[in-house]
Amino acid sequence: MRLVAVAAIGLLALTGCGKKGRHSSGSGGFVSGGGGDAPLSTPSGLPTDLPSGIPSYTPSYTPSYTPSPSYSYSTAPSYNTDARNDISASGCDYNESTSSLEYTLTVNNNETQSMRFSISIVWNDNADQGLLGSDYQSVTVAPGSSQTVKATSYRTLYKETTFTCKVQSAYKFAN
């Protein structure tokens, strides 16, 4: 309440409405005229112990919370998923006692993590390039290790046949 009274008295002092007989029409309440008037003095009775300026506020507690993300981005694999160069093969043969085409594969894992290898093998007739058999192998190999698997396709051959064994596709994935 005290502040409102001070503001009202200050407004009256600035506009000159506190002086008698000095209002002119159209001047909006301002004192008009040329020099000669004594400067306005501070009205009497105003409190002198009012604070000046706007007080500054400094909080005693500043938060130190830094949120950590609750998500993670998966990165692209740092290895080549084509595993054909990681496989060496030998023993492309026909086993008459089991009537099966056989192929021995050695799978090498040169990565720093365990890998799962998916391998597709085919046997083709050399005479007409026809498909004699196929097999699929899935093997998990520890990092820096190798594992041997035998691919097999059961097929009875009635005549002498020459054929080739081939790793048609090979892929590796982090296990």
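**View 1. Arg 116 and its bridge partner Thr 140 in strand β4**. The partner of Arg 116 across the bridge is Thr 140, a residue of β4. The model is predicted: local features require a pLDDT of at least 70, side-chain atom pairs count only at pLDDT 80 or more, and totals for chains, interfaces and linings use all residues. Residues are numbered from 1 along each chain as its sequence is written, and side-chain values use heavy atoms, with hydrogens and water left out. Strands (E, at least two residues) and helices (H or I, at least four) are DSSP runs, numbered from the N terminus. Strands β3 and β4 pair in the antiparallel sense over 10 bridges; two strands pair if DSSP finds at least two bridges between them. In the hairpin of β3 and β4, 5 residues lie between the strands, and Gln 129 takes a positive phi near 60°.

**View 2. The surroundings of Thr 140**. Thr 140 is partly exposed, with a relative accessible area of 38%; buried means under 20% relative accessible area, exposed over 50%, and partly exposed in between (1.4 Å probe, protein chains only). When its neighbours within four places in sequence are left aside, Thr 140 is in contact with Ser 114, Met 115, Arg 116, Gln 147 and Asn 175, where contact means heavy atoms within 4.5 Å. Met 115 and Thr 140 are 25 residues apart in sequence, while their C-alpha atoms are 5.7 Å apart in space.

**View 3. The open sheet of β1, β2 and β5**. This sheet has 3 strands in the order β1-β2-β5, with antiparallel pairing. Strands β1 (87-95) and β5 (146-154) stand at the edges with a single partner strand each, so one side of each is left without a neighbour in the sheet. From one strand to the next, the twist averages 15°; axes are lines fitted to C-alpha atoms, for helices over the stretch in contact, and angles run from 0 to 180 degrees between N-to-C directions.

**View 4. The hairpin of β1 and β2**. Strand β1 is joined by 7 bridges to β2 (residues 100-108), and the two run antiparallel. Asn 95 has Ser 100 of β2 as its bridge partner, and Tyr 94 has Leu 101 of β2. The hairpin has 4 residues between the strands, and Ser 99 takes a positive phi near 50°.

**View 5. The disulfide of Cys 92 and Cys 165**. The structure holds 1 disulfide, a term for a pair of cysteine sulfur atoms within 2.5 Å. The sulfur atoms of Cys 92 and Cys 165 are 1.8 Å apart. This pair links distant parts of the chain, with Cys 92 in strand β1 and Cys 165 in strand β6, 73 residues apart. The torsion about their S-S bond is about 85°, so the disulfide is right-handed. Cys 92 is partly exposed, with a relative accessible area of 35%, whereas Cys 165 is buried at 14%.

**View 6. The largest nonpolar core**. A nonpolar core is a set of buried Ala, Val, Leu, Ile, Met, Phe, Trp, Tyr and Cys residues joined through side-chain atoms within 4.5 Å. The largest one has 22 residues, of which Tyr 103, Leu 105, Phe 117, Ile 119 and Trp 123 touch the most other members. At least two residues of this core come from each of β1, β2, β3 (115-125), β4 (131-141), β5 and β6 (163-174). Strand β3 gives the most to this core, with 5 residues.
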